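Please look over the sequence and the structure shown here before reading on.

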Amino acid sequence: MTALVWLHEDALRQDHPVYTAAGEDVISYFFWDENYLQEMDYGFKRLVFIYETLCELPVNIIHGSTVEGLSRLAENQSCEKIYIPATSNPVLQEIIAELQHRLPVVVVEETPFVSLTKDLDIKRFFRYWKKAKKLAMQPTDS
């Protein structure tokens, strides 16, 4: 194997473009990283949602540090690249930046659901949706 996919909670779907970019026969991983989850201050319901969604996906769930875990996997599997879905989450962006110092990383962009210009509260979905739904429900000019 020459590529891995790190799937984080901002890209929990099987048809994410990261899989196309990574190619066939790629293994994806999600890290149940306690330090990250505590920093995000997710509630129990959010954690259950993430876990139940992961159970429906072809992804390996590993408990531990994302950076350390991906570094070990990349070394053990002679990985040439790690493909990561792009995110607007600043905490995940910090993790991606740290990985880029250690490993060959490809960040895969996707077409956003909506484009918001203001800083968002990404810890609470309702606050995000309150701002996003106005744009998401507008008719397109196509």
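**A strand and its neighbours**

Tyrosine 83 stands opposite valine 106 in β5. The chain crosses from β4 through helix α5 (residues 90-102) to β5, and this β-α-β crossover is right-handed, a term used if, with the strands pointing away from the viewer, the path from the first strand over the helix to the second runs clockwise. Helices (H or I, at least four residues) and strands (E, at least two) are DSSP runs, numbered from the N terminus.

This is a predicted model, in which local features need pLDDT of at least 70 and side-chain atom pairs count only at pLDDT 80 or more, while totals for chains, interfaces and linings use all residues. Residues are numbered from 1 along each chain as its sequence is written, and side-chain values use heavy atoms, with hydrogens and water left out.

Two strands pair if DSSP finds at least two bridges between them. Strand β4 is joined to strand β5 (residues 105-108) by 4 bridges, and the two run parallel; β4 is also joined to strand β1 (residues 3-6), by 3 bridges and again in parallel. Isoleucine 82 in β4 is the bridge partner of leucine 4. Because 4 of the 5 residues of β4 are buried, this strand is largely enclosed by the rest of the structure (buried means under 20% relative accessible area, exposed over 50%, partly exposed in between, with a 1.4 Å probe and protein chains only).

Most residues other than glycine have a negative phi. Aspartate 41, although not a glycine, has a positive phi of about 60 degrees; aspartate 41 is found in the loop between α2 (34-40) and α3 (44-55), and counts as exposed at 62% relative accessibility. Serine 78, also not a glycine, has a positive phi of about 50 degrees. Serine 78 lies in the loop between α4 (66-76) and β4 (81-85), and is exposed, with a relative accessible area of 55%.
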